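Here are my notes for your first walk through this structure. Keep the viewer open as you read, and look up each residue when it comes up.

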Amino acid sequence: MNTHHHLKTPVIASALLSISTSFAIAAPPDVALKPLETTESVISDISANDRTRPFLPGEKLLYFTNIKNGDQVKSPFRVAFVASGMGVSPVVAGDIKNTGHHHILIDMPLPVDIKAPIPFDKPDEYLHQHYKHYGNGETEAVLDLPPGKHKLRLLFANHAHVPYYVASREIEITVLPKAN
């Protein structure tokens, strides 16, 4: 009988138990865990002000979740977008560290002046839309763009619309002509 083998088994079992318990994830104390009630798509009725929470420092990413480079869409179309590593908050929440709101740049490069706020389009602009602001903390919107190729990029900015220079990759989509 190999006594050396019997010594290893409890040590290995103890090490595995230690490793598995060290990866346990606990919810923050103010979050009540409950089972998923529905799989239907529902937009939350909790205000953006009430759900604003700054993220801990980490990698900051922006991306579209329902459209990608090369897609063909019919206008008007829905876009959904996510910020990771930054908190989303409405402009009215004021200056909260590591939070801001989304902007979509349409057929525009990233702004050059790093201290200037993102401009606003003229009211009722259709043919030459360039800057969409989502200052209420929105994470989805409906775009109505003229037919043709359009480049879209997300850009995240603070409560004063000054960019953090956290941006998505630029994607190009084709808006198909509207059916008569």
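**Notes on the model**

1. Asp-107 counts as partly exposed, because its relative accessibility is 33% (buried means under 20% relative accessible area, exposed over 50%, partly exposed in between, with a 1.4 Å probe and protein chains only). Asp-107 sits in the loop between β5 (99–106) and β6 (131–134). Its phi is near 55 degrees, a positive value in a residue other than glycine.

2. A word on where this comes from. This is a predicted model, in which local features need pLDDT of at least 70 and side-chain atom pairs count only at pLDDT 80 or more, while totals for chains, interfaces and linings use all residues. Residues are numbered from 1 along each chain as its sequence is written, and side-chain values use heavy atoms, with hydrogens and water left out.

3. Now the overall plan. The protein chain holds two helices and ten strands (DSSP runs numbered from the N terminus: helices are H or I with at least four residues, strands are E with at least two). Reading from the N terminus, the order is α-α-β-β-β-β-β-β-β-β-β-β. Of the 180 residues in the protein chain, 31% are buried.

4. Have a look at the open sheet of three strands, ordered β1-β3-β7 with antiparallel pairing (two strands pair if DSSP finds at least two bridges between them). β1 (61–64) and β7 (140–143) stand at the edges with a single partner strand each, so one side of each has no neighbour in the sheet. On average, neighbouring strands of this sheet are turned by 25 degrees against each other, direction ignored (axes are lines fitted to C-alpha atoms, for helices over the stretch in contact, and angles run from 0 to 180 degrees between N-to-C directions). Four bridges link β3 (residues 77–84) and β7 in the antiparallel sense; Val-79, for instance, has Ala-141 in β7 as its bridge partner.

5. A cis peptide bond joins Ser-75 to Pro-76, with omega about 0 degrees.

6. Which backbone nitrogen does the side chain of Ser-168 reach? That of Leu-154, at 2.8 Å (a polar contact is a pair of N or O atoms within 3.5 Å; within protein, one must be able to donate a hydrogen and the other to accept it, and residues adjacent in sequence count only if both atoms are side-chain atoms). Ser-168 belongs to the loop between β9 (163–167) and β10 (171–176), and it counts as buried because its relative accessibility is 5%.

7. Stay with Leu-154, which lies in strand β8 (residues 148–157). Leu-154 is buried, with a relative accessible area of 0%. Leu-105 is 49 residues away from Leu-154 in sequence, yet the two are 6.2 Å apart in space, C-alpha to C-alpha.

8. Finally, visit Tyr-165 in strand β9. Tyr-165 is not a glycine, but its phi is positive, at about 60 degrees. Is this residue buried or partly exposed? Tyr-165 counts as partly exposed, because its relative accessibility is 30%.
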